[in-house]
Amino acid sequence: MAQYVRAPPAPAIWFHPKLFPKQPRNRMALNPRNITASLNNETTTRKLPILLFDIMDTIVRDPFYHDIPAFFGMSLKELIECKHPTAWMEFENGVINEEELARKFFKDGRPFDLEGLKDCVRKGYSYIEGVEQLLQSLKQKNYEMHAFTNYPIWYKIIEDKLKISNYLSWTFCSCMYGKRKPDPDFYLAVVEHLKVDPASCIFIDDRIKNVEAAVGVGITGLHFKNADLLRQDLIQLGVDSSLDGDVSEDQLKHAEEQTL
């Protein structure tokens with residue numbers, strides 16, 4: 001259940017200015033085949049960059065904006081006005097459990113059907129168009145991928161329905177760390193856990209402020225708009241996201257030349 005924020009237009013790719021001094025953007029690609037990471041003081045080959053994905057409205061449709069207001073018989077504006085201002089964030093941070101959420105979800109403490117709400121969000125979860133195919137192609141290329149998301153224990157409902165762990169690990173959820181994006185400490189905790197330089201990670205999120213926070217600690221940030229644009233942005237960064245069996249433009253051109 002993300003907060004309702006309208007983000008201003010922004011470029012899709014964000015870099016920390018110190019990472020790529022005096023280089024044009026089209027030369028800012030990371031080479032995933034030639035980067036070596038140091039793990040536990042031992043030098044081992046690790047395919048980089050590591051891809052960090054936000055979940056809600058990046059991989060999975062967020063039911064907050066339509067399904068949940070409808071469940072309560074309200075408009076989104078009405079729901080925002082009468083819900084408790086911090087209860088959901090506390091739930092995302094693991095500070096309160098779902099029973100406590102039910103008690104304080106509304107400012108006036110009105111009761112509601114918690115199991116009904118959970119069923120509502122379960123029905124609302126679905127992959128964003130084209131994203132599962134993109135994850136599949138990245139998985140085929142053996143990229144290391146992790147969820148990096150503000151979400152409560154209900155991420156398990158998403159997993160139960162969509163089996164996202166087929167593609168990435170639920171490694172960095174706010175409910176596990178007690179931190180939420182865009183807190184810089186959360187990003188630093190991610191990098192520390194992975195034992196890589198920030199520049200060896202690419203973070204994808206639909207919210208500009210979260211992308212900016214990633215860039216602030218040295219992580220390359222991609223502003224998610226749709227799956228096709230994300231695939232193009234990843235290719236620009238040197239990340240092979242083509243599906244096995246896809247034919248590139250160069251291959252098509254070569255085949256045409258052979259038939260002439």
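Asn-142 sits in the loop between helix 6 (131-140) and strand 5 (145-149); helices (H or I, at least four residues) and strands (E, at least two) are DSSP runs, numbered from the N terminus. Asn-142 has a positive phi of about 65 degrees although it is not a glycine. With a relative accessible area of 59%, Asn-142 is exposed; exposed means over 50% relative accessible area, buried under 20%, and partly exposed in between (1.4 Å probe, protein chains only).

The structure is a predicted model, in which local features need pLDDT of at least 70, side-chain atom pairs count only at pLDDT 80 or more, and totals for chains, interfaces and linings use all residues. Residues are numbered from 1 along each chain as its sequence is written, and side-chain values use heavy atoms, with hydrogens and water left out.

Lys-195 also is not a glycine, and its phi is positive at about 60 degrees. Lys-195 belongs to the loop between helix 9 and strand 7 (201-205), and its 39% relative accessibility makes it partly exposed. Most residues other than glycine have a negative phi, and most peptide bonds are trans.

## Two cis peptide bonds

Leu-48 and Pro-49 are joined by a cis peptide bond, with omega about 5 degrees. Pro-49 is part of the loop that runs between strand 3 (42-45) and strand 4 (50-53). A cis bond also leads from Lys-181 to Pro-182, where omega is near 10 degrees. The loop holding Pro-182 lies between helix 8 (174-177) and helix 9 (184-194).

## The nonpolar cores

A nonpolar core is a set of buried Ala, Val, Leu, Ile, Met, Phe, Trp, Tyr and Cys residues joined through side-chain atoms within 4.5 Å. The largest has 56 residues, of which Phe-53, Ile-59, Tyr-125, Trp-154 and Ile-158 touch the most other members. Leaving aside residues up to four places away in sequence, the contacts (heavy atoms within 4.5 Å) of Ile-158 include Ile-55, Met-56, Val-60, Tyr-125 and Ile-164. A second, separate core has 17 residues, among them Leu-48, Tyr-187, Val-190 and Ala-214.

Ile-164 is placed in the loop between helix 7 (155-162) and strand 6 (169-173). At 0% relative accessibility, Ile-164 is buried. Beyond residues up to four places away in sequence, Ile-164 touches Ile-59, Val-60, Tyr-127, Ile-158, Glu-159 and Trp-170. Ile-59 and Ile-164 are 105 residues apart in sequence, and their C-alpha atoms are 9.0 Å apart in space.

## Helix 11

Helix 11 covers residues 227-236, and its buried residues are Ala-227, Leu-230, Arg-231, Asp-233 and Leu-234. Seen down the helix axis, these buried residues fall within an arc of 165 degrees, so they line one face of helix 11; the arc is that of the directions from the axis to the C-beta atoms. An α-helix has 3.6 residues a turn, so residues three or four places apart point the same way.

At the start of helix 11, a side-chain oxygen of Asn-226 comes to within 3.1 Å of the backbone nitrogen of Asp-228. Gly-238 follows helix 11 and has a positive phi, near 85 degrees.

## Cysteines

Counting a disulfide as a pair of cysteine sulfur atoms within 2.5 Å, the model has zero disulfides. For Cys-175, which is in no disulfide, the nearest cysteine sulfur is that of Cys-173, 5.1 Å away. Cys-120 is buried, at 12% relative accessible area.

Technical notes
A polar contact is a pair of N or O atoms within 3.5 Å; within protein, one must be able to donate a hydrogen and the other to accept it, and residues adjacent in sequence count only if both atoms are side-chain atoms.
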